[in-house]
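Me: I'd like to go through this structure with you, a few residues at a time. Can we start with a single residue and its contacts?

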Amino acid sequence: MPYGKPGARERALAWLLTPFVLLALDATVTRTPILWAPTSFEESDLSRLNFSQTFQAARKIYWPESEPDRAVLVLGNSRARLGLRKAPLEEALASLHPGPRVRIDNLAVFGAGPAALEVLSRHLVEVDAALAILAIAPSDLGIPLHYESNHPIPKLLARGWADDGLEEQGASRRIDRWLRSIWRLARFREFARAAIRDRLDPMVDNPPRPERFTSTAELFAATRPGVGPAVETKYREFVADPGLPSFLAYLRVGQAPHIDDVRHRIREARVSGDLERQAQNLRRLVARASTTTPTLVLLLPENPVMAEDEDQVFHDEELDLANLARIHSIAAASGVEVLDARHWMGIDAFIDLDHLLPDLSGFERRVAPEILRAL
């Protein structure tokens, strides 16, 4: 009966073959360029920026570009992603120590705080790295947990048997995390769908941004489309007369929402009840990273313009000092060095109240000797 229902023998054979089919599918997708080759949407589709950056972090862990003698991992958020750019940092390292290349893998993802980075650190067992740099700011401990619960890292890279340090710990979340832990195709399913869709129908309308910025004019033209020249003009006026008023005047052209975002962030940090839980997430993060590979905590530069913020609209000095003490205590408990770079950079090294100018600040040249010393 060729078209009848399968018998017990056929059903048993199908069940026996299913694991082999799944294993073959897993190997075909998750261990090949089908998943890991770069996609067209990563640098072009800004609506999926955090998704793309999380995908890139996973690629650097599970599909590294090469196997040099020494690989350095950078964990952090947008401050680390913009302030510790791969090309200028590798060039600075090479100029100081010619020889075997030191590869920089920047795993930073915009918006990631201690809870999200703790989840990311669970994947470091996959990497044979010479050094992990945890690049953070004291204010990162003020990131609310409800924000991190919606971050792509906990959603897409959940792994491990222990609960993460976020708010929701329901059964469905645990089962999903356990499944991702034992089955790579389940772990990377969202990335696989996006990558396969992109292979079949790549984006062609949005050209990628330049890989390296050589001037502020080029930077503003790429990141502030339509108002780049006006932003450059205001930036030059600020450089000629540096201070908080001229800096805010520059920010209001092209990136005014950033001013309100920083105000809102400070207000939330002051009323948040998550500081101790975020400190516990940081404690687990530092302990796990330092167990996996030698680790350095890098306190990122702070904009000197904050010294003029006497009303503390854009920062909270008392809260930052308390968080700074927490960071030092946590690092000491795991025997991890803290490199304090908060006051290394001048006011003209920043693109906004938080972030260094990508490629142009010179911060990488300051950090490179410290990386070599740590190595």
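Reply: Keeping in mind that this is a predicted model, we can begin with Val125, which touches Arg159 and Thr292 when residues up to four places away in sequence are not counted.

Me: Where is Val125 found, then?

Reply: Val125 sits in the loop that runs between α6 (114–121) and β3 (131–136).

Me: And is Val125 buried or exposed?

Reply: Val125 counts as exposed, because its relative accessible area is 55%, and the cut-off for that class is over 50%.

Me: How far apart in space are Val125 and Leu285?

Reply: Their C-alpha atoms are 13 Å apart, while in sequence the two are separated by 160 residues.

Me: Switching to the core: which residues touch the most other members of the largest nonpolar one?

Reply: That core has 50 residues, and the ones touching the most other members are Leu35, Leu134, Phe191, Leu282 and Val297. Apart from it lies another core, of 47 residues, which includes Ala135, Leu296, Val305 and Leu357.

Me: What is Leu282 in contact with?

Reply: Setting aside neighbours within four places in sequence, Leu282 is in contact with Pro114, Leu134, Ile136, Leu141, Ile327 and Ile330.

Me: You mentioned Phe191; which residues of α11 are buried?

Reply: Phe191 is one of them, together with Glu190, Ala192, Ala194, Ala195 and Asp198.

Me: Last topic: which residues make the nonpolar surface patch of about 550 Å²?

Reply: That patch is made by Trp161, Ile175, Trp178, Leu179 and Ile182. Of these, Ile175 is placed in helix α9 (residues 171–182), and Ile175 counts as exposed because its relative accessibility is 52%.

Conventions: Residues are numbered from 1 along each chain as its sequence is written. This is a predicted model: local features need pLDDT of at least 70, side-chain atom pairs count only at pLDDT 80 or more; totals for chains, interfaces and linings use all residues. Side-chain values use heavy atoms; hydrogens and water are left out. Patches are made of residues with over 30% relative accessible area and no salt bridge: like charges are joined within 9 Å, nonpolar side chains (Val, Leu, Ile, Met, Phe, Trp, Tyr) within 5 Å. Accessible areas come from the Shrake-Rupley method with a 1.4 Å probe; for residues, only the protein chains shown count as cover. A salt bridge is a side-chain nitrogen of Lys or Arg within 4 Å of a carboxyl oxygen of Asp or Glu. Helices (H or I, at least four residues) and strands (E, at least two) are DSSP runs, numbered from the N terminus. Buried means under 20% relative accessible area, exposed over 50%, partly exposed in between (1.4 Å probe, protein chains only). A nonpolar core is a set of buried Ala, Val, Leu, Ile, Met, Phe, Trp, Tyr and Cys residues joined through side-chain atoms within 4.5 Å. Contact means heavy atoms within 4.5 Å.
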